[in-house]
Structures are given as C-alpha cells and as structure tokens.
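Here's a quick briefing on aromatic pairs, a surface patch and nonpolar cores. Have a look at the model first, then read on.

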Amino acid sequence: MTPVDGVAVPGAGPGLPAGRDAAASRAGGIASRFGGRSGGSGGSGGRGTAGESPVTLAEAVGGPRGIIDSAIPTVAFVTVNAEAGLTAGIVVAIAAAVGLVVLRVVRHEPVQQAFSGLFAVGFAAFIASRTGSAEGFFLPSIAKNAVCAVVGLGSVLVGRPVGGYVMAGFDQRYSDWRETPSVRRAAVWATFVWIAVFAARFAIQGVLYLAGESGWLAAANIVLGLPLFGTAVLATFAIVRRLAPLAEDEPSEEDGQTGEPGQLATGIPND
C-alpha cells in the first residue's frame, strides 16, 4: 500500500504515503530496461540487452493492486472524517494502512511498499492532528512536492541534473553521463519530466488546500499519485532510449555511421 501525496499511495515519502517511495522502488526493479542490468554484459560497451519488452504503464504503477492499495487509506480517512470527525478519520486511515501490511505479510508478498505507506499515513495523520484539520493530512505531501520541484530545477541550473545520478545509480554504464553529450542531454530532459510532475502536484494540491477542499484533495492525491508517476516513468524511459539509445539501436559502421555515444540512432550529433 502506498500513500500518495500525504496519502497512502505506493511510492511516496513522508506525507506521500507509500505511493511514491514504493513506486520508486518498483522503478528500480524495471530500471534495467534503461539498457540492461547494472554491471551486466551487453555487448561491446552497449547499454542494453536485446529482446527486452517495453515497460508498460501497468508495470510502472504496480497494476490495479498498486492503485487500489494506494487509495484505500486516503479514501478511508476522507470518508470517515466527513461522517465521524477528524480523530475517527485518522484512526481508520492508520488501521487501513496497518491492515495492508498484515495482509501482505500473511500472503508472503513484498512488504516494503506497505511499510512505506504506513509510515507516510502515520506522518500525515500526525500533521492532521496537530493542525486540527483534514486538509493537514495532505500538507506533508504538498511540502514535499514543492521541495522536490525546487531541488530538481536547481540541479539543472547548476549543471548537475538529478536524472543523471539516478540513471547512473540504476546502471553503472551511465556513470559517464557528465562526459557523454547524449546521456547528459537525456538526464536533463528526464529531470524536467519529474520537475513537471512535482510542480503540478504542488500547484493543484496547494490550491485545493487553501480552498479547504479535503474531498478534492483526496481525489487529486489518487490521480496525481501512481497514475501520474507511472506516466512519468514511461516518459523517462522513452527519453533515455531516444537520446541515449541502446547498443542495438545505435547506427553501425556499415550504414556509414560511427555509433558513438554522442550521436542519436539517426546519426545526427546530439550536440
């Protein structure tokens, strides 16, 4: 289960219940599709392995189960809060998060995502209890998205896009991203994708928070959680494959191309 944006949604950090942290973890699992397994062989200096199927949106968000688990605590909180008050809503949200952890343990399924969601829900519930309002439940997520957007933009402005470090972390063959024009460009554009994601979440949720619309905040958390995360993952993979093509996609000498890292599959220099 994963709270998204201060809500239990897979793949989220504090305030963004499991939604995003878990989702980020899942991205690491499929990250090998950037171009092969880290440290593995892939031909002469190639960044990928042939025959890999493309990542699907379902894989990126964990399928229907991932979306459902991420939404349960948030929906439970908003629904109970409207009927029985803030305290009851907090209790039910935490209980739902705990229930998802127990369910995964009993079924011998991975629990990292569920624990991440539980932590996120717990932190969001704490903030809601301190602010005394249902909107406070979503405040950690809003703040986190603002920070992530600023950090991402700052990294691009100083010439060290976060996307490059993430790519290198997923596959060591991207460790030279700062020296290879094509990979550096891919890192910049991939970072812009995530800046847009965090900025959109902050802007939309921020407006709803100021308007005191807890119900719409919950809906926004779900829609802007895993679904948007999965779309961003696919966009990131597409950018990397286009600007830093896999070995099998790079031009060959037979076609009169050098196949150097600094060129696209079309043979046109990236810089």
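**Rings, patch and cores**

F192 has a relative accessible area of 34%, so it counts as partly exposed (buried is under 20%, exposed is over 50%, and partly exposed lies in between, with a 1.4 Å probe and protein chains only). Keep in mind that this is a predicted model, where local features need pLDDT of at least 70, side-chain atom pairs count only at pLDDT 80 or more, and totals for chains, interfaces and linings use all residues. Residues are numbered from 1 along each chain as its sequence is written, and side-chain values use heavy atoms, leaving out hydrogens and water.

**The surface patch**

- F192 sits in helix 8 (helices are DSSP runs of H or I, at least four residues, numbered from the N terminus).
- Together with L153, L157, V158 and W189, F192 makes a nonpolar surface patch of about 540 Å² (patch residues have over 30% relative accessible area and no salt bridge, and nonpolar side chains are joined within 5 Å). A salt bridge here is a Lys or Arg side-chain nitrogen within 4 Å of an Asp or Glu carboxyl oxygen.
- At least two residues of the patch come from each of helix 6 and helix 8.

**Aromatic pairs**

- The whole structure holds seven aromatic pairs (ring centres within 6.5 Å; planes under 30 degrees apart are stacked, over 60 edge-to-face, the rest tilted).
- F77 and F138 make an edge-to-face pair, because their planes stand at 75° with the ring centres 6.4 Å apart. This pair ties together distant parts of the chain, 61 residues apart: F77 is in helix 3 (residues 63-84), and F138 is in the loop between helix 5 (112-131) and helix 6 (139-157).
- Y165 belongs to helix 7 (residues 162-170), while W177 lies in the loop between helix 7 and helix 8 (181-211).
- Y165 is partly exposed because its relative accessibility is 42%; W177, at 2%, counts as buried.

**Nonpolar cores**

- The largest nonpolar core has 21 residues, and M167, Y174, V183, A186, W194 and A244 touch the most other members (a core is a set of buried Ala, Val, Leu, Ile, Met, Phe, Trp, Tyr and Cys residues joined through side-chain atoms within 4.5 Å).
- Helix 7, helix 8 and helix 10 (226-243) each give this core at least two residues, with the largest share, eight residues, from helix 10.
- A second, separate core has 18 residues, including I90, A128, F138 and A220.

Definitions and conventions. Phe/Tyr/Trp six-rings, centres within 6.5 Å; stacked < 30°, edge-to-face > 60°. Patch = residues over 30% accessible without salt bridge, like charges linked within 9 Å, V, L, I, M, F, W, Y side chains within 5 Å. Areas by Shrake-Rupley, 256 points an atom, 1.4 Å probe, with all protein chains shown as cover.
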